[in-house]
Amino acid sequence: MGSALVFADVNFAEGAGVQILKSLIIFAVVLQIVPIILMADRKVMGRMQSRYGPNRVGPYGSMQPIADVLKLLSKEQFTPRSAVPWMMALAPMISITAAVATIAIIPFGDRGMWGGDVGLYGIDVSIGILYAFAFGALSFYGPLLGGWSSGSKYSFLGSMRAAAQLISFEVAMGLSLLGVIMSAGTLSLVGIVDQQAGMWFVVPQIVGFIVFVVAGFAETNRVPFDLPEAESELVQGYLTEYGGMRFGTYFMAEYVNIITISALVTTLFLGGWHGPGPDALGPLWVILKMFAVLFLFVWVRATMPRLRYDQLMSLGWKVLLPLATLNALVTAILVVVT
Amino acid sequence: MLKSYLPALVFVGLGTALAVAFVSLNSVLGPNKAQGNLSRAKGDPYECGLPSEVKGNFRFGISFYLIAMLFILFDIEVIFLYPVAVQLEAFGAFALVETIVFVALLFVAFAFVWRRGALDWK
């Protein structure tokens, strides 16, 4: 303590070269999921609404994300006169940096699962969940600063909504994980997955699971909770004055966040790499479960209408918060008694 | 010690590189029009075609402020409960009673806030 910096323990770390290499590989793999999700999102939703979805660019429209990015890249960089230009540039940077930094803690497999003494995760820090929450909280500044610095009414209203919504559901999200932490007795994500070898936490922690998933939808501004960018009221919310690749940056950060949330659901509730077959299949199970959760995201998007803002707030504070707290108390009693 | 944090630093670095590239690419690749002499109509923030009345000092509902205050209260609750949750099995009944008392006290405050209508969005 005192003047020295205090770091949380890292449970296991390889040599510097291996660490950099595996980080780059995980980064590349997760970034490959982004266009897949982007595509699946539109394609699956199209099918659910009895239409084709994008099908012109490439086979089955599979090149659509690339076409979108090329289009966004060829747009003019525009800043309205009423904006604060440097802050408007900084805001999407905060969003994407925080989103990418969170990828580091996703555990795709255990130590030595694919041979060698290499853990198939970025970092297994002993405060795992708090690391995710820390960068998640940091990414709130993206919509907030972006909307405020745009100097537009719609942007400002959108950013205020985003801020209030994100912090409201962060409380419920944090409380919903207490049950898992009590059962596992650790905050490390690798440790939590290890604890689920017998039974996935989704079974005893079904209430926590539901609260976490609902809060996860709200944290990523997905459809039943996409009030910060409600097109029918706020044009495009905090994104109104953004165009070109800066808009694309927000968009990408949102999809990376969705991937992170689905990975957290997989890790905390769905047993991570546990599944039938040999150990080496672990990372495949993680990806498969992630895609199942991502499908749920798309499914809900095609099914649910948008909530009203007062409904959203009462859901967060009057339903999810008491429910998550009760779940934590019941789990605490069960953990101590048994 | 910092060496074992290398993956986290690599990810933050990659994120920053991506961010810088994405945010500045449009000024390089996009059509290069002088930002200095925007026409009046183009430089206005979007407002459904009406002349903009934005002055820069926005006002917003008190409800947002209230939510922020409540957030601080309950987020600190969460942060206090996390260490207890990790060590719950080790400390057993003592930690359980402490947790229940702590949560009960907070729920008195929660019920008060609810009764006073602070959770109703106005």
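Me: Asp68(A) first. Buried, exposed or partly exposed?
Reply: Asp68(A) counts as partly exposed, at 23% relative accessibility. Keep in mind that this is a predicted model.

Me: Which residue forms a salt bridge with Asp68(A)?
Reply: Arg42(A) does. The closest N and O atoms are 2.7 Å apart.

Me: Switching to Asp41(A). Buried or exposed?
Reply: Buried, at 0% relative accessibility.

Me: What network is Asp41(A) part of?
Reply: A network of salt bridges that links Asp41(A) with Arg222(A) and Arg301(A).

Me: Take Arg222(A). How far apart are the closest N and O atoms in its salt bridge with Asp41(A)?
Reply: 3.2 Å. This pair links distant parts of the chain, 181 residues apart. Arg222(A) sits in the loop between helix H9 (206-219) and helix H10 (231-234), while Asp41(A) is in helix H1 (residues 16-48).

Me: And is Arg222(A) buried or exposed?
Reply: Arg222(A) counts as buried, because its relative accessibility is 5% and the cut-off for buried is under 20%.

Me: What about Arg301(A) and Asp41(A), what is the N to O distance?
Reply: 2.8 Å, in a salt bridge between their side chains. Arg301(A) lies in helix H12 (residues 282-303), 260 residues from Asp41(A) in helix H1. Arg301(A) is partly exposed, at 27% relative accessible area.

Me: How many salt bridges over all chains?
Reply: The count comes to 5.

Technical notes: Residues are numbered from 1 along each chain as its sequence is written. Chains are lettered from A and ligands numbered from 1 in the order in which they are written. This is a predicted model: local features need pLDDT of at least 70, side-chain atom pairs count only at pLDDT 80 or more; totals for chains, interfaces and linings use all residues. Side-chain values use heavy atoms; hydrogens and water are left out. A salt bridge is a side-chain nitrogen of Lys or Arg within 4 Å of a carboxyl oxygen of Asp or Glu. Helices (H or I, at least four residues) and strands (E, at least two) are DSSP runs, numbered from the N terminus. Buried means under 20% relative accessible area, exposed over 50%, partly exposed in between (1.4 Å probe, protein chains only).
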